[in-house]
Amino acid sequence: MNSTSFDLDPSYHILVTGGAGFIGSNLCEFLLNNGNSVTCLDNFATGKRENIAPLSSNSRFSLIEGDIRDLDTCQQACKDVDYVLHQAALGSVPRSINDPITSNDVNVSGFLNMLVAARDAKVKRFVYAASSSTYGDSKNMPKIEDIIGKPLSPYAITKYVNELYADIFNNTYGLETVGLRYFNVFGRKQDPNGAYAAVIPKFVLQLMEHTSPVINGDGSFSRDFTYIDNVIQMNIKAIVTDNKEAVNTVYNVAFGERTDLNQLVALLKEFLSEFDAKIADVNAKYGPTRQGDVPHSLASIDKAKKLLGYDPQFDIQKGLKQAVRWYWENLK
Ligand code: NAD
């Protein structure tokens with residue numbers, strides 16, 4: 001990605017919480033390439049040391065191994081920081097159904113600690129990972145930021161509470177915030193392993209092993225799959241904007257197209273069979289639908305385009321080709 005296209009001042013010191021995770025480590029890498037100083041705060045709950053290993057030799061990179069559930073740690077991490085990109089959270093709807101208390105502790109109490117620390121350190125802006133799950137049972141399509149439904153999982157509640165707290169911190173203490181409602185992000189470094197793996201890396205790994213991916217439901221459920229470089233662009237745009245109307249609000253972060261799971265598997269097979277022709281013969285299996293899953297998800301990205309000049313460069317096909325190549329080169 002062309003770093004100069006976003007005009008991010010390289011003198012800024014940026015804190016990336018969850019910086020060892022999928023999205024966070026990609027943000028750290030981008031910022032270091034742009035010339036910024038980067039502090040990563042992570043407790044490695046789901047993040048990986050290998051995600052940040054190539055960054056650790058950079059003198060502008062520092063790691064704080066710690067937990068956002070600890071206020072002192074958050075305050076230490078916010079010291080001399082210009083901007084916060086808050087990514088640390090426990091993702092996954094099923095994880096939050098299995099263990100709502102831990103998801104709430106990290107995603108709500110940890111988030112509140114980070115807001116307090118950012119406010120006390122007088123950071124310039126607090127940009128945070130919100131979620132498309134906040135649309136809950138809303139039938140509206142495409143999803144527009146102002147119309148949300150009732151949350152369908154503990155995870156969705158935590159992410160909505162984040163937005164409410166961010167709003168209060170702006171109104172009460174004047175902390176500038178921007179919430180980014182990510183829609184099914186995918187790309188390099190996303191973990192394909194474990195019970196809570198996201199669908200794209202999980203299916204890629206299974207297809208590479210010639211194992212049938214299991215689709216929950218009949219494959220007609222659809223998502224607005226969003227490539228990581230579009231997400232990086234939105235984070236940077238949220239930092240650099242000087243449009244007063246564009247801050248203290250939330251944005252959909254997506255491409256603005258939806259793909260159903262049957263189409264997804266077909267694309268993955270097509271792109272992966274360029275590396276291994278046998279993958280074309282591996283077929284998906286079908287299982288029961290998952291609790292808390294919304295049937296369809298499609299974003300309007302008009303608000304981000306209008307207020308932030310968002311211009312996503314990767315549709316699902318272009319993104320999947322890059323992601324599949326990365327998995328092939330790094331997992332084989
Ligand atoms: P990830 O699990 O790869 O990254 C999360 C990071 O946060 C990990 O490195 C983890 O170790 C760290 N972390 C967790 N608990 C922590 C704690 N108590 N203290 C410090 N660090 C902690 O997940 P991701 O996909 O990179 O997600 C990043 C953010 O984006 C999360 O807030 C997630 O809810 C949000 N999000 C992601 C998606 C997606 O499709 N990936 C969609 C919507 C929202």
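**Close-up views of a predicted model**

View 1. Leu-27 is buried, its relative accessible area being 0%; buried means under 20% relative accessible area, exposed over 50%, and partly exposed in between (1.4 Å probe, protein chains only). This is a predicted model, in which local features need pLDDT of at least 70, side-chain atom pairs count only at pLDDT 80 or more, and totals for chains, interfaces and linings use all residues. Residues are numbered from 1 along each chain as its sequence is written, and side-chain values use heavy atoms, with hydrogens and water left out. Leu-27 belongs to helix α1 (residues 22-33); helices (H or I, at least four residues) and strands (E, at least two) are DSSP runs, numbered from the N terminus. When neighbours within four places in sequence are left aside, Leu-27 is in contact (heavy atoms within 4.5 Å) with Val-16, Leu-85, Gln-87, Ile-232 and Asn-235. Val-231 is 204 residues from Leu-27 in sequence, and their C-alpha atoms are 8.9 Å apart in space.

**View 2. Leu-31 and the nonpolar cores.** A nonpolar core is a set of buried Ala, Val, Leu, Ile, Met, Phe, Trp, Tyr and Cys residues joined through side-chain atoms within 4.5 Å. The largest such core has 71 residues, of which Leu-31, Tyr-251, Leu-264 and Leu-320 touch the most other members. Apart from this core lies another, of 26 residues, including Val-81, Leu-90, Ala-117 and Leu-175.

View 3. A disulfide is a covalent bond between the sulfur atoms of two cysteines. Here the term is applied to a pair of cysteine sulfur atoms within 2.5 Å, and by this rule the count is 0 disulfides. Cys-28 is in no disulfide, the nearest cysteine sulfur being that of Cys-40, 4.8 Å away. Cys-74 is likewise in no disulfide; the nearest cysteine sulfur belongs to Cys-78 and is 6.9 Å away. Cys-28 is buried, with a relative accessible area of 0%, and Cys-74 is buried, also with a value of 0%.

**View 4. The lining of the second largest pocket.** A pocket is found on a 1 Å grid over the protein atoms alone, as an open set of points where a 1.4 Å probe fits, with protein on both sides within 12 Å along at least five of seven lines; lining residues have an atom within 4 Å of a point. Of the 15 lining residues, Glu-163, Asp-167, Arg-181, Thr-249 and Val-250 are the closest to the centre of the second largest pocket. Helix α6 (154-173) and strands β6 (177-182) and β11 (249-253) each supply at least two residues of this lining, and α6 gives the most, with 5 residues.
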